[in-house]
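Subject: Structure handover and findings

Dear colleague,

Please find the structure below, followed by a written account of what was found in it. I would be grateful if you could read the two side by side.

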Amino acid sequence: MTSASALAGNQPRARHALAGAVAGVLAAAVAIGAAQVAAGLTVPESSPVVAVGQAAIDLTPPPVKDFAISAFGTADKTVLLGGILVVLAVYAALVGVLAVRRLAIGMWGLALFAFIGLVAALTRPDSTAEYIVPTLAGAAAGAFALAWLARAAGRLGPPRPPAPAPAPAPAPAPAPETLTPPDLPTPPDAAEAAPDAAPAAAPPAAYSFTYLPNPDDPGSSPGPARRRFLVGSGIAAAAAVAGTVAGRELATRRDVTLARARLRFPRPAVAAPPLPAGTDLHIPGLSSFITPNGSFYRVDTALLLPQVDPSSWQLRIHGMVQREVTISFAELLRRPLIEDYLTLTCVSDPVGGPYVGNAKWLGASLAGLIRQARPRAGASQLLCTSVDGFTSGTPLQVVLDGRDALLAVAMNGTALPVEHGFPARMVVPGLYGYVSATKWVTDIEVTTFADASAYWAERGWSQQAPIKTESRIDVPAIGSTLRPGPTPVAGVAWAQHKGVAAVEVRVDRGPWHEARLAAVPDIDTWRQWVWEWQATPGDHVLEARATDQTGYTQTAVQAQPPPNGASGYPSAAVTVRGS
């Protein structure tokens, strides 16, 4: 076979494989759409894509999670879901190719994916029998679509090989050589001498593939088969889109936006102290004293934000207590509410990173609720559980030591945003969020650190996580090009429940210079600072360090976030040009 003939023979097979891959991807899309509808009708969190994504988050090693947070920030969940869909598309394409060759193999591939979805859904901490419905519904719809599309793709080829051409007749034996005298005429040629003799056979032509329709299937001819596959593919794509949109709309019906808007909070029994003059230095580029809700950092493990109706929310306090307590949201709002400015920090925050923010919180005293349950002697930990199954372990003694540990219901004057824990979350100043700031909290077990480990403690993070005294340079931004002369170097520093006493700045590892501090209402918030630098031409590195009110100065020793928070001096490399 010549190379051109081989290429011609391979083209139908390539089209055949491509059609199988398209069939597999479309069948997977139909399955996801059907699963989304079923999840919208039952439990949105039971969607197999979400369940597999949550399982991936839980099973991912902490170093990989740290990399994802540092590389993608708050978009880490979007990247994860995108990666899951890409892997699913590749897997589905392979299943489709196999299904066109042999449908049973493709169905086994689909069954394997359904099994993974079922395991992921049923192993969620809050799973119920309803969690199997979306995966089963998606598997059934996907199996139907795969069977139909695989059969339609199979009719496109590859074509049957042509029947072998008949063997050529053997060439006649050459006649014996005859000598002809030069003066005699030349004998007539063979055709003239023997008009009835069979002509010599032509050499066989190179084979080429042609489509031979199945006489028993009128739809198998190339034209109708192709149209049938394209029409079926269009129907499958439309069904997948419709299912996904319908599922989203059904899930949105559980949205708590209207419930948030209807909430009215009573006046706090303890109002936040008035902000003293000079709390905000109003320097362009410097983080404001109060972080707006829309700018407040979000780091959690929830792929799908829990939609918790306050009318059905309850908090249970149990375990090593003399009296179990269960409280509804309405009962929570009838308790004396406390308003205070508190800074939260994520343990994943690198030196100089963005995962820290300050807000005005409103909530009930967490210490008051715990004391109402009367913890037993020996208890050391509050194992707090979110509605989506996430757990954090809060030191009991810290909650009871007099600081404003809150079961918060509002943030900066409005009901908690859903992404920040609506309808209720924990806020404990002085501790990293992974041990103190459980969102969507519904359960608190009074226990010991020896008897129970929370989500991140099981993955190697410290059980006790006091926030380290840290600072950050906001102005000038890293990599800035500046002009010589007076230049403000400004940022924020924090040492929750200890208070910031001083901030110093140095240039190119020279002497430290004390910065001017902004005013603060109390010791549980961050503090702005500024130092006027007489910038000179050249490349420079600025560094800062904070000292808290206990006398501890931020260390230069560099440490990564695991297992108990980052440390080191924040720095900003800048260039000064001109004269």
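In what follows, a residue is called buried when its relative accessible area is under 20%, exposed when it is over 50%, and partly exposed in between, with a 1.4 Å probe and protein chains only. The model is a predicted one, in which local features need pLDDT of at least 70 and side-chain atom pairs count only at pLDDT 80 or more, while totals for chains, interfaces and linings use all residues. Residues are numbered from 1 along each chain as its sequence is written, and side-chain values use heavy atoms, with hydrogens and water left out.

Salt bridges

A salt bridge is taken here as a side-chain nitrogen of Lys or Arg within 4 Å of a carboxyl oxygen of Asp or Glu. Helices (H or I, at least four residues) and strands (E, at least two) are DSSP runs, numbered from the N terminus. The structure contains 11 salt bridges. One of them pairs Lys439 with Asp300, whose closest N and O atoms are 2.9 Å apart. Lys439 sits in the loop between β9 (425–427) and β10 (441–447), and Asp300 in the loop between α9 (257–262) and β1 (314–319), so this pair ties together parts that are 139 residues apart in sequence. Lys439 and Asp300 are both buried. The two residues also belong to a network of salt bridges that links Arg298, Asp300 and Lys439.

Two further pairs connect strands. In Lys360 and Glu339, the closest N and O atoms of the salt bridge are 3.8 Å apart. Lys360 belongs to strand β4 (residues 356–365) and Glu339 to strand β3 (residues 337–345), so the pair ties together parts that are 21 residues apart in sequence. Lys360 counts as partly exposed because its relative accessibility is 24%, whereas Glu339, at 18%, counts as buried.

The salt bridge between Glu504 and Arg545 has its closest N and O atoms 2.7 Å apart. Glu504 is in strand β14 (residues 500–507) and Arg545 in strand β18 (residues 538–548), so that distant parts of the chain, 41 residues apart, are linked. Both Glu504 and Arg545 are buried.

Axes are lines fitted to C-alpha atoms, for helices over the stretch in contact, and angles run from 0 to 180 degrees between N-to-C directions. Angles under 35 degrees count as roughly parallel, over 145 as roughly antiparallel, 65 to 115 as roughly perpendicular and the rest as oblique. A crossing is left-handed if the near helix is turned anticlockwise from the far one by less than a right angle, and right-handed if clockwise. Contact means heavy atoms within 4.5 Å. For residue classes, Ala, Val, Leu, Ile, Met, Phe, Trp, Tyr, Cys and Pro count as nonpolar, Asp, Glu, Lys and Arg as charged, and the others, Gly among them, as polar.

Helix α2 (residues 48–59) packs against helix α4 (residues 76–101) at an angle of about 115 degrees, and their axes are 10 Å apart. The two helices are therefore roughly perpendicular. The crossing of α2 with α4 is right-handed. On the α2 side, Val49, Val52, Gly53, Ala56 and Ile57 meet Leu80, Leu81, Ile84 and Leu85 of α4. This contact of α2 with α4 comprises eight nonpolar residues, one polar and no charged.

Helix α2 also meets helix α5 (residues 103–122): their axes come within 8 Å and cross at roughly 65 degrees. These two helices are therefore roughly perpendicular to each other, and α2 passes α5 in a left-handed crossing. Ala51, Val52 and Ala55 of α2 make the contact with Ile116, Gly117, Ala120 and Ala121 of α5. By class, the residues in the contact of α2 with α5 are six nonpolar, one polar and no charged.

Backbone features

Val475 and Pro476 are joined by a cis peptide bond with omega of about -5 degrees, and Pro476 lies in the loop between β11 (470–475) and β12 (481–482). A cis peptide bond also joins Pro562 and Pro563, with omega of about 0 degrees. Pro563 is placed in the loop between β18 and β19 (571–576).

His497, which is not a glycine, has a positive phi near 65 degrees. His497 is in the loop between β13 (485–494) and β14, and its relative accessibility of 26% makes it partly exposed. Arg509 has a positive phi of about 60 degrees, again without being a glycine. Arg509 lies in the loop between β14 and β15 (513–514) and, at 64% relative accessibility, counts as exposed.

Yours sincerely
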